[in-house]
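Good morning, and thank you for coming. Please look first at the sequence and the structure, which I shall now put on the screen.

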Amino acid sequence: MAAPFAYSLVATDLDGTLLRDDDTLSDRSRAALARVSAAGAQHLVVTGRPAPRVRPLLDDLGSEGLAVCGQGAQVYDVGANRLLFSVTLDRELAETALGKIEAEVGQVYAAVDQDGVDGLTLVEPGYRMPHPTLPAVRVERRDDLWCEPISKVLLRHHALSDDELATAARAAVGSLATVTMSGPGTVELQPCGITKATGLALAADHLGLGPGETIAFGDMPNDIPMFAWAAYGVAMANAHPELKAVADEITVSNEDDGIAVVLERLFGVHRTPADIIGGREPGGYEERY
């Protein structure tokens, strides 16, 4: 059944967007996503996390559909546990890009996400995971990062801010790779031309849907291409200023279930006084036209 609403595809980022800061999904957000499904619309996770780091959450949601992972480098079929689409970052090129960045800003600390449904996250000495709940394997030296095909490289710098590191990395690597900033402490190198928008477009086409039927939610600059592709983009109150500047609407924060606030409005869910008294009721939202 087609969704009898303006949007048949709901594309959501995870960290800082659908998930609360403790990496959990609230009951209110679960209920809102269930209402989306009951209405005949599709929910599609679009995340920088690689497929293996997304699978536990998708299993928890009971999802058997698709997910866009690795900043668009992977389109993952959850039910079949296989990648419908996957593009890797050339490892020699990645090593060259790191050298160019370090020539400009000094030492950086790196990690990689390996390709595949069982790929590992490898981190070199000095790299600190921005999400401690996500598993990672420490290696002894940088050369060990390149032992298997990778989907992206994650970078950190001891002194530069994320914005400063991302700007410097873009200038240094040029067309060698796409540079994104996907969260606090998360500047990444991915295959040139690959973005959340490219992965979302592939997944939507597989579902028989297009940009005009899509509403997207996000919080960081890596969500900008997704907002440009979708008909309507909603930024969280906690979003980066660059994303807020291009959003059609700004909802409340991820901690206050900002996605649920919008989905309840669009899909006809009304909060009762009992809901408000018994739960966490956030404030309003800001629309931009």
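Let me begin with a question: which side chain of opposite charge is nearest to Asp 77, and how many Å away is it? Before I answer, please note that what you see is a predicted model.

Asp 77 belongs to strand β4, which covers residues 74-77. The nearest side chain of opposite charge is that of Arg 82, 4.3 Å away. A salt bridge requires a side-chain nitrogen of Lys or Arg within 4 Å of a carboxyl oxygen of Asp or Glu. Asp 77 is therefore buried without a salt bridge. Its side chain does have a polar atom 3.1 Å from the backbone nitrogen of Ala 80. Beyond the neighbours within four places in sequence, Asp 77 is in contact with Glu 64, Gly 65, Leu 66, Arg 82 and Leu 84.

I turn now to helix α2, residues 27-38. From first C-alpha to last, its twelve residues reach 16 Å, close to the 16 Å expected at 1.5 Å a residue. Which residues of α2 are buried? They are Arg 28, Ser 29, Ala 32, Leu 33 and Val 36. Seen down the axis of α2, these buried residues fall within an arc of 135 degrees, so they line one face of the helix. As a general point, an α-helix has 3.6 residues a turn, so residues three or four places apart point the same way. On the other side of α2, Asp 27, Ser 37 and Ala 38 are exposed. The cover over the buried residues of α2 includes β1, α1, β2, α3 and α9. After α2 comes Gly 40, with a positive phi near 95 degrees.

One of those covering elements, α3, also holds Arg 55. Arg 55 counts as partly exposed because its relative accessibility is 23%. Its side chain makes a polar contact of 2.7 Å with the side chain of Asp 59. Leaving out residues up to four places away in sequence, Arg 55 touches Tyr 76, Val 78 and Asn 81.

Is Val 112 buried or exposed? At 0% relative accessibility, Val 112 counts as buried. Outside the four places on either side in sequence, its contacts include Leu 120, Leu 122, Trp 146, Ile 150 and Val 153. Pro 149 lies 37 residues from Val 112 along the chain, and their C-alpha atoms are separated by 9.6 Å.

Thank you for your attention.

Technical notes. Residues are numbered from 1 along each chain as its sequence is written. This is a predicted model: local features need pLDDT of at least 70, side-chain atom pairs count only at pLDDT 80 or more; totals for chains, interfaces and linings use all residues. Side-chain values use heavy atoms; hydrogens and water are left out. Helices (H or I, at least four residues) and strands (E, at least two) are DSSP runs, numbered from the N terminus. Buried means under 20% relative accessible area, exposed over 50%, partly exposed in between (1.4 Å probe, protein chains only). Lys and Arg count as positive and Asp and Glu as negative; His and the chain ends are not counted. A polar contact is a pair of N or O atoms within 3.5 Å; within protein, one must be able to donate a hydrogen and the other to accept it, and residues adjacent in sequence count only if both atoms are side-chain atoms. Contact means heavy atoms within 4.5 Å. The expected span of a helix is 1.5 Å times one less than its number of residues. The arc is that of the directions from the helix axis to the C-beta atoms.
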